[in-house]
Amino acid sequence: MDMTREVTHEERGPAILDESDTGDDGKIYVCQCGLSDSKPLCDGSHNATADEADGVVYKYANDDADGERREVGKVEDDDQ
Ligand code: FES
């Protein structure tokens, strides 16, 4: 199982990235946790998810890594 979280997405289209989005190492880090304040780029907010438990669905207040985290469900097992 995996840990997971619910986030609200307000954008309705793609983000266009270019060279200005690259980090000091020349790579572009795209947020996949959904908590970045700099979407689509990673801002380190994913560190808040490090202790999430497997099989639990979380919601962070205001989709903010510093917001209150609560459990909102369980991950469904697709193998059944
Ligand atoms: S992966 Fe979401 S902030 Fe880093």
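Helices (H or I, at least four residues) and strands (E, at least two) are taken here as DSSP runs, numbered from the N terminus. The structure is a predicted model, in which local features need pLDDT of at least 70 and side-chain atom pairs count only at pLDDT 80 or more, whereas totals for chains, interfaces and linings use all residues. Residues are numbered from 1 along each chain as its sequence is written.

On this basis, the protein contains zero helices and three strands, which follow one another along the sequence in the pattern β-β-β. The C-alpha trace spans about 45 × 30 × 30 Å along its principal axes. Of the 80 residues in the protein, 5% are buried, a residue being buried if 20 or more other C-beta atoms lie within 10 Å of its own, exposed if 12 or fewer, and partly exposed in between, with C-beta atoms placed from the backbone. Among contacts (C-beta atoms, placed from the backbone, within 7 Å) with a separation of 6 or more, 40% are accounted for by residues 24 or more positions apart.

Local backbone features were then examined in the loops. In the loop between β1 (4-6) and β2 (56-60) lies Pro40, which is joined to Lys39 by a cis peptide bond with omega of about 10°. The loop between β2 and β3 (69-74) holds Asn62, a residue that is not a glycine but has a positive phi of about 60°; Asn62 is exposed, with 10 other C-beta atoms within 10 Å.

Definitions and conventions:
Two residues are in contact if their C-beta atoms, placed from the backbone, lie within 7 Å.
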